[in-house]
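Here are my notes on the model, as numbered points. Please read them with the structure open.

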Amino acid sequence: MSAKTIIITGASRGIGLAVTKYLLTQPTLHNVVVIARSAEPLQSLEQQYNGRVAVLNGDLADFSLGQKAVDLALKTFGRLDGLVLNHGILGQVGKIATADLQEWKRGYDVNFFSLVSFVTAALPALREAKGKIVFTSSGASVSAYRGWGLYGSTKAAMNHLALSLGEEEADVVSVSIRPGMVDTEMQRELREDHATTLEPQVHEKFTSVHKEGKLLKPEQPGHVMAKLVLGAPRELSGKFLSWNDQALEAFQA
């Protein structure tokens with residue numbers, strides 16, 4: 001496999017960092033453009049992997065970041081082969097009856113419209129490279145949890161974006177991945193910050209999974225997603241799949 005250039009959002013921790021480290025530690029010397037609000041973790045990657053990491057800092061609600069990331073990839077590495085669109089916020093947690101429309105708009109800006117801005121900016125280069133787009137989705141995209149109307153609906157919209165791209169883009173493979181319950185900052189947020197906003201039985205689910213040590217390591221779904229952005233086959237395009245789905249067996253070893 002020749003060296004590829006991949007853009008990764010939400011790359012400073014959790015799944016995004018696991019994907020990034022996987023790509024950087026392969027025998028093939030892949031290059032990455034990493035994006036997150038936190039500058040420090042990205043800068044240490046840049047120092048560690050001299051010349052193979054380009055850093056972009058910013059809030060993903062800023063729709064100019066997509067074009068900036070693509071321009072940075074092309075200028076620094078001369079090509080673009082894939083996107084791992086992994087960023088997202090929980091946004092307002094609470095019943096739809098109490099929805100704050102500004103909070104919902106912000107949630108959609110970060111979790112959905114920013115995806116569209118990255119995809120539209122990247123498609124010309126991805127068509128040329130026969131590239132891949134991997135989205136970090138959620139089980140909440142297909143199941144209702146009380147109080148999660150905002151987050152779940154943004155992820156459902158994400159799945160549909162992948163589905164539409166699968167129909168429209170013959171030369172680009174787009175796949176939406178459910179990573180399962182992973183030991184990330186978002187899980188900590190659910191246990192600690194939302195102890196009172198979540199319904200008791202929903203909160204109990206998150207605390208007990210953590211207590212029983214059942215959360216996945218970010219590397220488990222992260223490595224599958226990293227392999228997919230390098231080599232997802234055409235027949236997966238448009239699909240929403242769990243990271244451990246049998247259809248992804250080739251990417252789980």
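At what angle do helix α1 and helix α8 pack, and how far apart are their axes?

1. Basis. This is a predicted model, in which local features need pLDDT of at least 70, side-chain atom pairs count only at pLDDT 80 or more, and totals for chains, interfaces and linings use all residues. Residues are numbered from 1 along each chain as its sequence is written, and side-chain values use heavy atoms, with hydrogens and water left out.

2. α1 against α8. Helix α1 (residues 14–24) packs on helix α8 (residues 219–231) at about 55 degrees, and their axes lie 8 Å apart. Axes are lines fitted to C-alpha atoms, for helices over the stretch in contact; angles run from 0 to 180 degrees between N-to-C directions. That angle makes α1 oblique to α8 (under 35 degrees is roughly parallel, over 145 roughly antiparallel, 65 to 115 roughly perpendicular, the rest oblique). The crossing is right-handed (the near helix is turned clockwise from the far one by less than a right angle). Helices here are DSSP runs (H or I, at least four residues), as are strands (E, at least two), numbered from the N terminus.

3. Who makes that contact. From α1 come Ile-15, Ala-18, Val-19, Tyr-22 and Leu-23. The α8 side includes Pro-221, Met-225, Ala-226, Val-229 and Leu-230. Contact means heavy atoms within 4.5 Å. The contact residues divide into 10 nonpolar, two polar and two charged (Ala, Val, Leu, Ile, Met, Phe, Trp, Tyr, Cys and Pro are nonpolar; Asp, Glu, Lys and Arg charged; the others, Gly among them, polar).

4. Cores. The largest nonpolar core has 35 residues, and Ile-8, Val-19, Leu-23, Ile-177, Leu-228 and Leu-248 touch the most other members. Such a core is a set of buried Ala, Val, Leu, Ile, Met, Phe, Trp, Tyr and Cys residues joined through side-chain atoms within 4.5 Å; buried means under 20% relative accessible area (1.4 Å probe, protein chains only). Elements that each supply at least two residues include β1 (5–9), α1, β6 (173–178) and α8. A second, separate core of 34 residues includes Leu-83, Ala-125, Leu-126 and Val-172.

5. α3 against α4. Helix α3 (residues 65–77) and α4 pack at about 30 degrees, with axes 7 Å apart. That makes α3 roughly parallel to α4. This crossing is also right-handed. Leu-65, Gly-66, Gln-67, Ala-69, Val-70 and Leu-74 in α3 meet Ser-117, Phe-118, Ala-121, Ala-122 and Ala-125 in α4.

6. One backbone check. Lys-130 is not a glycine, yet has a positive phi of about 50 degrees. Lys-130 sits in the loop between α4 (101–129) and β5 (132–136).

How values were computed:
Buried < 20%, exposed > 50% of the residue type's maximum accessible area, 1.4 Å probe, protein only.
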